[in-house]
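Subject: Structure handover

Hello,

Here is the structure you will be working with. Please open it and keep it in view while you read the rest of this email.

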Amino acid sequence: MTDLSTEKMVPFLDLSLQYDALKNEIDSAIQSVFKDSSFVLGPALKKFEDEFARYCHVDHCVGLNSGTAALHLALLAMGVGPGDEVITAANSFIATAEAISFCGAEPRFVDALLDTANLNSDMIEAAITHRTKVIIPVHLYGQPAEIDKVLKIAAAHKIMVLEDACQAHGAVFHGERVGTFGHAAAYSFYPGKNLGAAGDGGAVVTNDAELAARITLLRNHGSEQKYHHDIVGHNFRLDSIQAAILSAKLPHLDLWNKKRREIARFYDEKLTGVHGISPMCVIDGCEPVYHLYVIRTAERDVVLQQMKEMRIASGIHYPIPIHLQPAYQYLNLEEGSFPVSEELSKSVVSLPIYPDMPKADQERVVASILKASELMKSRS
Ligand SMILES: Cc1ncc(COP(=O)(O)O)c(C=O)c1O
């Protein structure tokens, strides 16, 4: 019998492997910024913005210092302010809602679909009021939301759409990349993201030149000309070093996403139909990029305990839906307000996934889930 206590831990992700593979490109990208000494708003930023816009099939990309800043400035540029409402998913990372709050507006949450964890677009219409300015569909876990339905509703009500693509770099919906459907899309380059910087980073992409210009102004103290400030802005610029690192990594993104899909296919094959375990579904015509690979189980404690015993890292995305976070207590949305999001928060488990994850580790992850399933079965 294997002595599990001496087995190497299976990490949730291992970014050092990515650096080892790209060391030369990344090191020389950093050195070139030092040589140039243009650390802020320099040519490395412009280069990355052009490359990422091309990758996303859009006209404009504005580099920012986080995905949160990208959501925030996109909303401000769309004219969102006090008294407005913005519709978004109760089941997301809190930054989606925070960006709305930063504008002085109020989030109006919509519940999730149980089998994809993405927002339930059939519930959007009921959440629309005369104050609704923007809808933010979140492509959660790297799975495209039902963006066609969202666009139809938004167009009928003349509401703008901001895609939260912070977990979905390169994901495809009906043949086109997510991030091209709405009026704008926000990306995060947090290190663990499918395209990650060596620190915080983000961007807004859009085909709307006016929105891009407004965000460019807002990210740099409302200034186009040094010490001339047209509006009150922010310091939300993407550093040149991060931009240069992102430029070095971008050519590899499609291959990394392909590898993530292969791992997801392996997990799907091994875990679909297994007692007590439900992998997330993919909606027709979509190619997710599996920022996260998430399963649902009614007996999460058993799964987490088994993974721990077999020295496998796990995650929960997310353990508390946004409407039940203390930060949003003021909205008075009690337990039961968004039952599917609440159910997901109690039943989801994220399994390790990253492009260069060794096959042996993938097999250990599967073995741990199958063992947990056996335990559940023997007790039922
Ligand atoms: C769905 C979603 N939206 C927004 C963000 C915010 O991005 P950042 O951490 O770069 O501010 C994240 C980051 O995890 C996210 O997952």
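This is a predicted model: local features need pLDDT of at least 70, side-chain atom pairs count only at pLDDT 80 or more; totals for chains, interfaces and linings use all residues.

Strands

Start with an open sheet of 3 strands, in the order β7-β6-β11, with antiparallel pairing. Its edge strands are β7 (176–177) and β11 (286–287), each of which pairs on one side only. Between β6 (residues 172–173) and β11 there are 2 bridges, in the antiparallel sense.

Another pairing involves β12 (residues 293–296) and β13, which run antiparallel and are joined by 4 bridges. Across this pairing, Val 294 stands opposite Ser 350 of β13. In a regular strand, side chains alternate between the two faces of the sheet. Strand β13 (residues 348–351) can be read with that in mind: Val 348 and Ser 350 point one way, Val 349 and Leu 351 point the other way, and all of them are buried.

Aromatic rings

How many aromatic pairs does the structure hold? The count is 14. A pair of aromatic rings is described by the distance of the centres and the angle of the planes.

Take Phe 52 and Phe 189: their pair is edge-to-face, with 5.3 Å centre to centre and 85° between the planes. This pair links distant parts of the chain, since Phe 52 is in helix α2 (residues 43–56) and Phe 189 is in the loop between β8 (184–188) and β9 (202–206), 137 residues apart. Both Phe 52 and Phe 189 are buried.

Why is the pair of Phe 109 and Phe 338 edge-to-face? The ring centres of Phe 109 and Phe 338 are 6.4 Å apart and the planes are at 80°, so the pair is edge-to-face. Distant parts of the chain are linked here too: Phe 109 is in strand β3 (residues 106–110), while Phe 338 is in the loop between α10 (300–309) and α11 (339–347), 229 residues apart. Phe 109 and Phe 338 are buried.

Phe 52 and Phe 189 also belong to one aromatic cluster, together with Phe 48, Tyr 55 and Tyr 187.

Charges over rings

Tyr 55, from that cluster, has the charged end of Arg 177 over its ring, 3.9 Å from the ring centre. Elsewhere, the charged end of Lys 359 sits over the ring of Phe 266, 3.7 Å from its centre.

Empty space

Rolling a probe the size of a water molecule over the atoms shows where empty space is left. The largest pocket holds about 510 Å³ of space. It is lined by 26 residues, and those closest to its centre are Phe 93, Ser 188, Tyr 190, Lys 193 and His 291. Helices α3 (67–77) and α4 (95–102) each supply at least two residues of this lining, and α3 gives the largest share, 3 residues. By class, the pocket lining has 11 nonpolar, 11 polar and 4 charged residues.

There are also 3 cavities of 30 Å³ or more. The largest cavity has a volume of about 100 Å³. Of its 13 lining residues, Asp 14, Leu 15, Gln 18, Tyr 354 and Pro 355 lie nearest the centre. Helices α1 (15–36) and α9 (253–271) each supply at least two residues of the cavity lining, with the largest share, 3 residues, coming from α1. This lining divides into 6 nonpolar, 3 polar and 4 charged residues.

Regards

Definitions and conventions. Residues are numbered from 1 along each chain as its sequence is written. Side-chain values use heavy atoms; hydrogens and water are left out. Two strands pair if DSSP finds at least two bridges between them. Rings of Phe, Tyr and Trp (its six-membered ring) pair if their centres lie within 6.5 Å; planes under 30 degrees apart count as stacked, over 60 as edge-to-face and the rest as tilted. Buried means under 20% relative accessible area, exposed over 50%, partly exposed in between (1.4 Å probe, protein chains only). A charge sits over a ring if NZ of Lys or CZ of Arg is within 6 Å of the ring centre and within 35 degrees of the ring normal. On a 1 Å grid over the protein atoms alone, a cavity is a set of points where a 1.4 Å probe fits but cannot get out, and a pocket is an open set with protein on both sides within 12 Å along at least five of seven lines; lining residues have an atom within 4 Å of a point. Grid points are joined across faces, edges and corners, and a volume is the space filled by probe spheres set on the points. Ala, Val, Leu, Ile, Met, Phe, Trp, Tyr, Cys and Pro count as nonpolar, Asp, Glu, Lys and Arg as charged, and the others, Gly among them, as polar.
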